[in-house]
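Work through the following exercises with the sequence and the model at hand. Each task is followed by a solution in steps.

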Amino acid sequence: MSHYDATHHTRGTSRYVGDLPEPEGLCHAAIVPSPLAHGKLVRLDSAAALALPEVIAVITAGDIPGENQIGPLIQDEELLASETVHFSGQPLAIVVAETPELARRAAGMIRPEIVLLPIITDPREAFDRGEIIGATRQFVLGNVESAWAACDVVVEGRCDIGGQEHVYLETQGARALPGEGDAIKLYSSTQSPYVVQRSVAKVLGVPYHLIEVDVKRIGGGFGGKEDQATPWACLAALACRLTGRPVELILSRHDDLLMTGKRHAYSSDFKIGLDKTGKILAYAVRHYQNAGASADLSPAILERTLFHSTNAYYIPNVHIFAASCRTNIPPATAFRGFGGPQGMFVIESAIAKAAEALGIPREEIQRRNLIREGQEFPYGQQAERARAEATWEKADALYDLAAIHRKIEQYNRDHYETKKGLAVMPICFGISFTATFMNQGSALVHIYTDGSVSISTGAVEMGQGISSKLANITARTLGIGESRIKVESTNTTRIANMSPSAASATTDLCGGAAIRACEEILARLRRLAARELQLGDETAITIENEQVRYQGQATGWSWRKLVETAYFSRISLSAHAFYATPNIYFDKQKEKGRPFNYHVYGTAILEATVDCLRGTYDIDAVKIVHDLGRPLNAVVDLGQIEGGLAQGLGWMTVEDLQFDHTGKLLAGALANYKLPEVYFMPEDLQVNFLENDDNPNAPYGSKAVGEPPLLYGLGVFFALRNAARAFRPGKTLSFHAPMTPERLLLELYGDQMPPDERQSAEGNGKTRQPFPDTSTKEKA
Amino acid sequence: MENAPLFSVKVTVNGQLFEREVEPRLLLSDFLRHELALTGTHVGCEHGVCGACTVLLNGEAVRSCLIFAVQAHGQEIVTVEGLTPDGGREALHPLQEAFREAHGLQCGFCTPGILMTLIPFLQEHPQPSEGEIREALSGNLCRCTGYHNIVKAVQLAAETLRHG
Ligand code: FES
Ligand code: FES
């Protein structure tokens, strides 16, 4: 089963926003960004730009007919800065011109006058100054304070986790076309057509129904187009409204890097207590999320950090604290994993440090504490069909952990300057939007009289293969061939109020709705067939391979005949259906509930070789056992696993996203931001599924696959760290990701640098006592 | 800002001769996309890093975002649209077929550039080793797939091309 779009993709005939045929009079917009990260905007002189003959308009905050506000959760984000700028790259104005080149040139001629205000880039500093977005959150299970005393070993530590640039290969963009009156049609490269629709309506001050958003596909999203596709669509629509002409706004790669938010950097403190057998008795953690200049989706992302702070482990006493901290970098946003990976990195670091204190391998602690059936997560949900142990055991059986251990030890004995490291990475990821209301999906199915089928849902195809899955689900439910199914673009006039394609939940929600829509039509068709063919029991009528059967026997009616008969009998061949995930809820007052429909589990074994003189490394092998339920399309799912893994590995190693202390991004082009390329990926990549484990909570026993595989990538950090430890066993190593080759050298030799250089290289992490009330004991 | 003088460009693209008056700074990628409406050539980075804009210039893979349209004057270009010129609905080039079969694509944005990089490579390396394949692909970025299936697709394509 190939990708639904494979033919068009390979022919170059797939259309993305910038590929749509150009309408008459199309003009182009470019953005004037703030050059400073924080300041008062005193003047914006656009005279020079406006004097150019082919410049059509310069648009600023004052020109916005509706509300100058696009914050999705909290109303703290202006579309165009009016008085204060909060990050470098923030849009101040747009220029509309006859060509994109001209618009960009003219935008460069507009010089804003800004009076600088103090700039904060560090989340801990923001926290100390009270720059906190929304409420701080705490999840509590048991009582850590009384548990520390019972522990044989208690260790504390700090993690610093870098952000990550999405690098969807198609940059952000939208095209707005004027309709009749105030109506506007938008083509937008977004994961959230409905968010675009309602934001544009708000900015223009018109009812939602005047704004139509259509998305055929997008060239990658990874969360970066969940909320942050909105401003560009709003700006294109605004320009369209004010000029009366079709307007295209496609960000250059430079502007995209500069202006859009990334994965959140976190800084966290942990404290973990265990008995001497390696059982974790207590875990406390404080997360400081670097949210950037406005809320965006940060509070929701913070929530997932809380949910996943204990990864796949059961810990009886837990205290998780988390704060979203406002800083002067672009608003950080959704990125595959949505805050979960950061929470999991910290517990994995805590386990690593505890293992060192206890003098046992990290895997022993991991294995011992995997969550089992019925055990409770810190948010009150109990593990159901817990497969943490099952995936671990299958991985061990398939790949032989002990043998890998022996091989690596032997290698490390035989080699001096290169060392190998191993890490196991169990994962557990909750499936559902954590905002319960978002767990809804719709589908609209039309059957035409020739038997062909059209399906529309709220799902956006971004490469993840949702179209393939929807075609599969629809064909399977109707009992007909996939070639009869056309998956339509995602359009707000066909599907209203859709949730974004995110949270790995799109197949569950939209696929669930598709099944219902098909079943509704099938019920009508069965009734018809029972009447026309005089069959007593309509429930015994099935359609298999496009043939109508009764009690398993052929009736002589084909799919085509059935559909035609329905049409002439005046029976509706269309249905719109709705699916809402049952039995999920969360009480934010108590911070307890059952937020997830189910969990996805898995275990990966990662091996790496480090050149300890140069800091360079190879990821030798990644071997995975993944819990996928009963895959709808194993080929597509495998692609998601490998692609997600690549992003996780990249985040932990070569993708070094940095802002300087003035809030300036240090990678303004793809040439200065390293992405995994074809050499980077391990040559030995093995993925096995945990077989025959149906998931009753998603279409045809399947499981969500989008985000969880990224989490395996975290393991590489610990594999590299273990290799470094093999080289310098006594050296204290930090938990500072990504582990770039440079960072690795610093870890190995930082203590041999002169003190002042060491300080600037290691950052000025102010020493603080995160858990001041109790003492730390390290006895091992 | 003066409008730059226009230059006349004559170029053969996918076997067809085109003649246009263009600004000297117009990139070949923009020329193909906007002047000729050949939008299969994608632009991912605009400065030679990602390989999404790769086309053939006199049979050699080049990055069309690093070449001016005027430099292509009198030369021969093949874009992804030229791989299956007759456009029969199912008639894909074996390389295209292999990417479909091996699921060597997801969002598809990198795909045309990767295919065009591989066309001359496979002509020169009918029996490529995995190392050679990786080297050939080392200048193309894909953010979706993790490359594994892309490498498999190339192996598959090489085999089909060899055995026809
Ligand atoms: S667009 Fe030409 S190499 Fe990236
Ligand atoms: S398939 Fe999306 S970038 Fe390669």
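**Exercise 1. Chain B as a whole**

Among contacts in chain B between residues at least 6 apart in sequence, what percentage join residues at least 24 apart? Then describe the make-up and overall dimensions of chain B.

Solution. The model is predicted.

- Step 1. Of the contacts in chain B between residues at least 6 apart in sequence, 60% join residues at least 24 apart.
- Step 2. Chain B has five helices and five strands. Read from the N terminus, its elements follow the order β-β-α-β-β-β-α-α-α-α.
- Step 3. The globule rule gives 15 Å for 164 residues and the radius of gyration of chain B is 16 Å, close to that value, so chain B is as compact as a globular protein of that length.
- Step 4. The C-alpha trace of chain B spans about 50 × 30 × 25 Å along its principal axes.
- Step 5. Of the 164 residues in chain B, 55% are buried.

**Exercise 2. The sheet of chain B**

Give the strand order of the sheet in chain B, and find which strands stand at its edges.

Solution.

- Step 1. The sheet is open and is formed by five strands of chain B in the order E2-E1-E5-E3-E4, with mixed pairing.
- Step 2. Strand E2 (16–22) and strand E4 (60–63) of chain B each have a single partner strand, so one side of each has no neighbour in the sheet and both stand at the edges.
- Step 3. On average, and with direction ignored, neighbouring strands of this sheet are turned by 40° against each other.
- Step 4. Take one pair: strand E1 (residues 7–13) and strand E5 (residues 76–78) of chain B run parallel and are joined by two bridges. In this pair, B:Thr12 stands opposite B:Glu76 in E5(B).
- Step 5. Helix H3 (residues 111–124) of chain B packs on the sheet, where H3 touches E3 and E4 of chain B. The direction of H3 makes about 35° with that of E3(B).

**Exercise 3. A helix pair in chain B**

Describe how H3(B) and H5(B) pack, starting from the angle and the distance between their axes.

Solution.

- Step 1. Two packed helices are described by the angle between their axes and the distance between the axes.
- Step 2. For H3(B) and helix H5 (residues 148–163) of chain B, the angle is about 40° and the axes are 12 Å apart.
- Step 3. Angles under 35 degrees count as roughly parallel and those of 65 to 115 as roughly perpendicular, so H3(B) is oblique to H5(B).
- Step 4. H3(B) and H5(B) make a right-handed crossing.
- Step 5. On the H3(B) side, the residues in contact are B:Ile114, B:Leu118 and B:Leu122. They meet B:Ile150, B:Val154, B:Ala157, B:Ala158 and B:Leu161 in H5(B).

**Exercise 4. Backbone exceptions in loops**

Decide whether A:Ser504 is buried or exposed, do likewise for B:Ala37, and then locate the cis peptide bond at A:Pro738.

Solution.

- Step 1. A:Ser504 is not a glycine, yet has a positive phi of about 60°. A:Ser504 sits in the loop between strand E20 (490–491) and helix H15 (506–532) of chain A.
- Step 2. A residue is buried at 20 or more C-beta neighbours; A:Ser504 has 26 inside 10 Å and therefore counts as buried.
- Step 3. B:Ala37, also not a glycine, has a positive phi of about 55°. B:Ala37 lies in the loop between helix H1 (28–35) and strand E3 (54–57) of chain B.
- Step 4. The cut-off for exposed is 12 or fewer; B:Ala37 has 11 other C-beta atoms within 10 Å, so B:Ala37 is exposed.
- Step 5. The cis peptide bond joins A:Ala737 and A:Pro738, with omega about 5°. A:Pro738 belongs to the loop between strand E30 (735–737) and helix H19 (741–749) of chain A.

Terms used:
Residues are numbered from 1 along each chain as its sequence is written. Chains are lettered from A and ligands numbered from 1 in the order in which they are written. This is a predicted model: local features need pLDDT of at least 70, side-chain atom pairs count only at pLDDT 80 or more; totals for chains, interfaces and linings use all residues. Helices (H or I, at least four residues) and strands (E, at least two) are DSSP runs, numbered from the N terminus. The radius of gyration is taken over C-alpha atoms; the globule rule is 2.2 Å times the number of residues to the power 0.38. Two residues are in contact if their C-beta atoms, placed from the backbone, lie within 7 Å. Two strands pair if DSSP finds at least two bridges between them. Axes are lines fitted to C-alpha atoms, for helices over the stretch in contact, and angles run from 0 to 180 degrees between N-to-C directions. Angles under 35 degrees count as roughly parallel, over 145 as roughly antiparallel, 65 to 115 as roughly perpendicular and the rest as oblique. A crossing is left-handed if the near helix is turned anticlockwise from the far one by less than a right angle, and right-handed if clockwise.
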